[in-house]
Structures are given as C-alpha cells and as structure tokens.
Amino acid sequence: MSIHFDDPVKQEIWTRLRALNDAWTKGNPDDLAEFFHSDMLAITPTDRLRREGRAACVAGWKEFASATRIHSWEETEPVIHVYGNCAVVAYYFEISFDMGGQTFNTSGRDMFFFVQEGSKWWAVADQFSPYPG
C-alpha cells in the first residue's frame, strides 16, 4: 500500500521514515546511522531504560533485526504534523517475524519526532509499543 501526502514537506518526511524502516526491516540495520540524529532517544517496550544516542539506538534495532527473520512490515494510517523545522510522525504498524523457532504477528503504534538540520530530516526521538492488552 502506497501512502502519499499532498504537502511536499510531509511527503519528504514520510519518504524518509519509510526508508528508515526499510533499513532495519529489509536492509542493513547499520544504515540507521544515516537516519538517527547523534542525540537520538528511544523508549521501547522491551527496554526498562531509555536508549540514548545514535549508537545505542542503532544497536537496539540491530539486535532485534539480528535475532529475528522479518517476513513483513507495514505502516498504516500515518499522521504528520510539521512545526517549522520539527515534525511528529505517528502511525500504526503490523509486523510478522520468526524468533526462537516461533512466528509472531504483532501490531502496535509508533511515534517519531524529526528535526530538520540543513536539508536532512533526522529522527531525534521514537516511542513505540504494541497495542494495550
């Protein structure tokens, strides 16, 4: 499913977010360094403490991608709000993956915060979680 925004700035941010997610779901998670700001923060459902900094965030995504075989990933119903050189992107996701000999089909919500430095939009914060039980 292809999602298109009429606003070119929103489309640029969405395209960047899609490339970010493709990096860890289909490509090389190390490429996330090209998307995560040096001061990136992440709050995840599996880490007690927040992840701080690009290296820690890349390591977290890489750890998951290395421990799984991802079958599919899809974002749905995105909302993007732009505030000058900052933007919030929220969407729902579905993922199917194998881990530890089992197949998991999970869905949830994700919210990224981006900041534009120069001509590039950088992810500076992310919080994601499965849907509440």
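Cysteine 57 is buried, with a relative accessible area of 0%. The model is predicted, and it holds zero disulfides. Cysteine 57 is in no disulfide, since the nearest cysteine sulfur, that of cysteine 86, is 17 Å away. The points below cover the core, the strand pairing and the salt bridges.

**Cysteines**

- Cysteine 86 is likewise in no disulfide, and the nearest cysteine sulfur to it, that of cysteine 57, is 17 Å away.
- Cysteine 57 is one of the residues touched by phenylalanine 36.

**Nonpolar core**

- The largest nonpolar core has 29 residues, and Phe36, Phe112 and Phe114 touch the most other members.
- Two helices are named as supplying at least two residues each to this core: H1 (8-25) and H2 (54-67).
- Strands E1 (36-43), E3 (69-83), E4 (86-99), E5 (102-117) and E6 (120-130) also supply at least two residues each.
- Leaving out residues up to four places away in sequence, phenylalanine 36 touches Leu20, Arg54, Cys57, Val58, Trp61, Phe112, Trp122 and Ala123.

**Strand pairing**

- Strands E4 and E5 pair in the antiparallel sense over 14 bridges.
- E4 and E5 form a hairpin with two residues between them, and glycine 100 in the turn has a positive phi of about 60°.
- Strands E5 and E6 pair in the antiparallel sense over 10 bridges.
- Phenylalanine 112, named above for its contacts in the core, stands opposite aspartate 126 in E6.
- E5 and E6 also form a hairpin with two residues between them, where glycine 118 in the turn has a positive phi of about 65°.

- Side chains of opposite charge can pair when their charged atoms come close.
- A search of the whole structure finds eight salt bridges.
- Glutamate 75 forms a salt bridge with arginine 18, and the closest N and O atoms are 2.7 Å apart.
- This pair links distant parts of the chain, with glutamate 75 in strand E3 and arginine 18 in helix H1, 57 residues apart.
- Glutamate 75 counts as buried at 5% relative accessibility, whereas arginine 18 counts as partly exposed at 22%.
- Glutamate 34 forms a salt bridge with lysine 120, with the closest N and O atoms 3.6 Å apart.
- Glutamate 34 lies in the loop between H1 and E1 and lysine 120 in strand E6, so this pair ties together parts that are 86 residues apart in sequence.
- Both residues count as partly exposed, glutamate 34 at 47% relative accessibility and lysine 120 at 27%.

**Other salt bridges and the network**

- Arginine 50 forms a salt bridge with glutamate 52, the closest N and O atoms being 3.0 Å apart.
- Arginine 50 counts as exposed at 53% relative accessibility, while glutamate 52 is partly exposed, with a relative accessible area of 49%.
- Through shared partners, salt bridges join Arg18, Asp22, Lys26 and Glu75 into one network.
- Aspartate 22, a member of this network, is in helix H1 and is partly exposed, with a relative accessible area of 25%.
- Aspartate 22 and valine 82 are 60 residues apart along the chain, and their C-alpha atoms are separated by 22 Å.

Note on methods: Residues are numbered from 1 along each chain as its sequence is written. This is a predicted model: local features need pLDDT of at least 70, side-chain atom pairs count only at pLDDT 80 or more; totals for chains, interfaces and linings use all residues. Side-chain values use heavy atoms; hydrogens and water are left out. A disulfide is a pair of cysteine sulfur atoms within 2.5 Å. Buried means under 20% relative accessible area, exposed over 50%, partly exposed in between (1.4 Å probe, protein chains only). A nonpolar core is a set of buried Ala, Val, Leu, Ile, Met, Phe, Trp, Tyr and Cys residues joined through side-chain atoms within 4.5 Å. Helices (H or I, at least four residues) and strands (E, at least two) are DSSP runs, numbered from the N terminus. Contact means heavy atoms within 4.5 Å. Two strands pair if DSSP finds at least two bridges between them. A salt bridge is a side-chain nitrogen of Lys or Arg within 4 Å of a carboxyl oxygen of Asp or Glu.
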